[in-house]
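Here's a quick briefing to read alongside the picture. Keep the 3D view open and find each piece as you go.

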Amino acid sequence: MTDGRAALVLTGGGARAAYQVGALIAIRDVWGRRAENPFPIICGTSAGAVNAVALAVFSANFNEAVKKLAFIWRNFHVHHVYRADTLAIAESVTRWGSAMFLGWLFRQSPRSLLDNQPLRALLEAQLDFGAIDRAIADGHLQAVSVTASGYTSGESLSFFQGRDDLQPWRRAQRVGVRSDIKVEHLLASSAIPFVFPAVRINREYFGDGSMRQTAPISPVIHLGADRILVIAGGRRSEEARQRTDTYPSPAQVAGHTLSSIFLDGLSMDLERLERINGTVGALTPAQREAAGIALRPIETFVIAPSQRLDYLAARHRNALPRALRLVLSGIGATRKNGSVLLSYLLFERGYTRALMELGYQDTMSRRDELARFLRVPER
């Protein structure tokens, strides 16, 4: 087992990204609250992209970076991310209703269900994007990447900012593009389809990076990672199928769709990486070189929720503003079987703090494994 370059992968999931912050607090505690950044390569998608770039911006001091993230997520309210006042919700419902029944008359489609301008304001106030270049120049960071999905091309684009020796890449429907990361990249990567508006970057509109992201781990490998720590935003249900005579609610269908977007790609990519590691690990470096095999074993460590986050969200549904709660109730999102959708939108501190606590406990339950992955010296 070599030290190699460690990378951090933060997946998507809206409000579920609070779980990542709880895990990061545990990682910080195991790491020893040192200023040194344990992850020179950081990649994020959707809400995970916001956390990833925040870590990159403050990578000169990992302890302080985690403290800043924790403060924001501990004190989150819906209005920090999107407008949820009665007027905004009424306008949204009116726009969508008019589009459905009178679209032929107005010839204009609504852009999204929710207005996320408050998130733009929060990101611009909290993040100095110019600090990324300074962190790279000072050696605190090798690269950071943010993935978004192009609505026209159908490609998964990983916008990366890093050392000059890193090269762009192109694979089937997957592209790595060198770019200076800005707030537009974060808004695009976290633009959950239908919920938040698409964002134009250069010549194309982009939406949530988890869409069509068939290989979430690929960007960190292209950026030079030898060890990868993944913090997932959920887990696939292992419950047995049960008979039901109730037709699924719109919220249940939407939640199932979002889970397919956010969870399936990571699971398949990890299985693929495990198979490659098994094959490559059976050969010595000399044998791989003689056979012209450029692949190398990649060490992985995955942290994922031990509980269903939709059930956790259901317990905090009353924290939502009343107007939004009424709309979500109407489509079944406040019921247990429809609360997956709720779990992505519930940016309220009761829920985010519960997620952070779960992330911390799940990570600390594997403290010894984590210490070995981080190469923390034994006491």
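This is a predicted model: local features need pLDDT of at least 70, side-chain atom pairs count only at pLDDT 80 or more; totals for chains, interfaces and linings use all residues.

The chain has 15 helices and ten strands, and buried residues make up 52% of its 379 residues. If you take contacts between residues at least 6 apart in sequence, 77% of them join residues at least 24 apart.

**Two helices side by side**

- Two packed helices are described by the angle between their axes and the distance between the axes.
- Who's touching whom? On the α1 side you'll find Ala-18, Val-21, Leu-24, Ile-25, Ile-27, Arg-28 and Trp-31, and they meet α3 residues including Phe-62, Val-66, Leu-69, Ala-70 and Trp-73.
- Sorted by class, the contact of α1 with α3 has eleven nonpolar, one polar and three charged residues.

**A helix with a buried side**

- Now look at helix α6 (residues 130–137), where Ala-131, Ile-132, Ala-135 and Ile-136 are buried.
- These four sit on the same side of α6, because they cover an arc of only 140° around the axis.
- Here's the handy bit of background: an α-helix has 3.6 residues a turn, so residues three or four places apart point the same way.
- What do the buried residues of α6 pack against? Their partners are α2 (47–57), β3 (143–150) and β4 (156–162).
- Just after α6 comes Gly-139, with a positive phi of about 85°.

**Backbone angles to spot**

- Most residues other than glycine have a negative phi.
- Ser-46 is a non-glycine residue with a positive phi, near 60°, and you'll find Ser-46 in the loop between β2 (41–45) and α2.
- Gln-173 also isn't a glycine, and its phi is positive too, near 60°; look for Gln-173 in the loop between β5 (169–171) and β6 (174–178).
- Buried or exposed, where does Ser-46 fall? Ser-46 is buried, with a relative accessible area of 1%.
- Gln-173, on the other hand, is partly exposed, with a relative accessible area of 40%.

Methods. Residues are numbered from 1 along each chain as its sequence is written. Side-chain values use heavy atoms; hydrogens and water are left out. Contact means heavy atoms within 4.5 Å. Helices (H or I, at least four residues) and strands (E, at least two) are DSSP runs, numbered from the N terminus. Ala, Val, Leu, Ile, Met, Phe, Trp, Tyr, Cys and Pro count as nonpolar, Asp, Glu, Lys and Arg as charged, and the others, Gly among them, as polar. Buried means under 20% relative accessible area, exposed over 50%, partly exposed in between (1.4 Å probe, protein chains only). The arc is that of the directions from the helix axis to the C-beta atoms.
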